[in-house]
Amino acid sequence: MIKPAERMKNVKYAIRDIAVLAKQVEKEKKVLYLNIGDPNRFDFDTPDELKNAIINAMKGGHNYYADSQGIKEAVDAIVKHNNNLGIETDESNIILTVGVSEAVNIFVASLIDAGENVLIPSPSYPLYSAYINLYGCVPNFYTLDEGNEWDINVEDIEKRIDDKTKAVVIINPNNPTGGVYDKKALKELVNVAGQHNLIIFSDEIYDEMILEGEMHHIASFSEEVPVITCNGLAKNFLAPGWRTGWMAITDREQRLGTAKDAIMQMGRTRLCTTTPMQFAVKPALEGNRLHREATIKKLRSRRDLTHKRINEIEGLSLVKPKAAFYAFPRINFDIDDKDFVTRLLKEEGVATVHGSGFDMPNHFRIVYLPPEPILNEAFDKIENFVNRMRK
Ligand SMILES: Cc1ncc(COP(=O)(O)O)c(C=O)c1O
């Protein structure tokens with residue numbers, strides 16, 4: 001028997017683990033999938049002009065290794081787009097990545113030493129603790145404030161900073177809560193990060209999927225604090241399978257120094273990201289976004305339905321999501337959240353993900369991407385299940 005590496009011990013990814021169980025359950029009964037945040041599995045599709053850009057790139061001979069940071073056309077478009085949003089950056093501070101997922105890997109690998117800790121939200125997208133654990137670093141969880149629309153609580157963040165804290169991650173808009181952070185809180189976070197010499201890593205992969213209110217880019221007012229802003233084609237442009245994302249560094253006072261070289265060095269180790277896909281970046285960022293209105297309209301109506309139906313179930317409560325396509329209801333009765341999700345899947349055929357998989361127990365995550373009839377069917381089943389469990 002060959003033993004896996006010790007470092008894999010704490011590398012977990014609950015979302016895909018539930019998918020494996022769902023496939024087993026599907027052999028016996030129909031499964032309604034409310035567990036994976038992939039719009040293209042439902043009635044959403046990548047805009048044609050982006051598909052054409054890639055086909056043309058391949059036919060036009062752009063099948064070589066690109067520069068490690070990315071093709072010039074994509075890098076320039078990202079700089080322009082970010083600068084338009086107030087996120088100061090330039091060509092030397094951009095790197096195309098294999099989705100935001102690879103950006104997280106590069107960030108932890110190149111900036112965080114084993115034993116150092118990174119502040120990450122609870123609940124949190126599990127990729128963060130997975131990479132932090134992989135490299136022998138320590139996830140340092142701060143709690144998002146459910147009573148305040150899942151906003152960040154900067155006092156709570158500051159309390160957790162110690163002399164091994166290197167960086168703070170924010171996911172704004174948030175997966176799994178659907179929360180969007182208040183500008184005042186973000187400004188306070190900048191102050192705290194400045195006082196403690198922290199880097200801010202801002203995952204903004206859902207920034208064009210705002211259903212209500214306004215989204216603020218922390219790098220647009222981060223002053224001297226270095227910020228790495230990440231984004232990509234997966235969600236805003238409905239192209240998750242293309243695995244195309246990027247990091248944009250804002251470092252007004254050049255505090256990153258050789259740390260920035262380390263990021264670019266990590267980028268060079270994997271040569272480059274898929275070259276043809278990079279040709280969709282400029283048309284995406286500079287395009288007319290004709291897909292956006294229809295996308296937001298569908299999401300808003302599915303979000304409203306989810307919010308209403310879940311809050312009508314005695315024993316559950318849900319803070320209204322403001323962005324993306326996730327809802328994170330609280331389970332207000334005595335049951336382990338993993339049991340809740342496993343039994344819901346096995347007994348009713350509804351796949352969701354347990355809150356502890358996002359480092360916050362007593363909750364579960366619903367992906368409200370499916371059309372209303374499927375959502376209604378799933379909510380009927382969840383209601384039956386909860387009524388049964390509470391007896
Ligand atoms: C908050 C967050 N960050 C990153 C990712 C992964 O993004 P990508 O597909 O660009 O790797 C996801 C995917 O669901 C996500 O929800």
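In which sense do strands β3 and β4 pair, and over how many bridges?

## Strands β3 and β4

They pair in the parallel sense, over six bridges. Strand β3 spans residues 117–122 and β4 spans residues 138–143. Pairing here requires at least two DSSP bridges between two strands. Strands (E, at least two residues) and helices (H or I, at least four) are DSSP runs, numbered from the N terminus. L119 stands opposite N140 in β4. From β3, the chain passes through helix α5 (residues 127–134) to reach β4, a right-handed β-α-β crossover. Right-handed means that the path from the first strand over the helix to the second runs clockwise, with the strands pointing away from the viewer.

## Basis of the model

This is a predicted model: local features need pLDDT of at least 70, side-chain atom pairs count only at pLDDT 80 or more, and totals for chains, interfaces and linings use all residues. Residues are numbered from 1 along each chain as its sequence is written.

## The three-stranded sheet

An open sheet has three strands in the order β10-β14-β13, with antiparallel pairing. Its edge strands, β10 (326–327) and β13 (353–354), each pair on one side only. Two bridges join β13 to β14 (residues 364–367). H354 has F364 in β14 as its bridge partner.

## Helix α1

Helix α1 covers residues 14–26. Its buried residues are A14, I15, I18 and A22. Buried means 20 or more other C-beta atoms within 10 Å of a residue's own, exposed 12 or fewer, with C-beta atoms placed from the backbone.

Note on methods: The expected span of a helix is 1.5 Å times one less than its number of residues.
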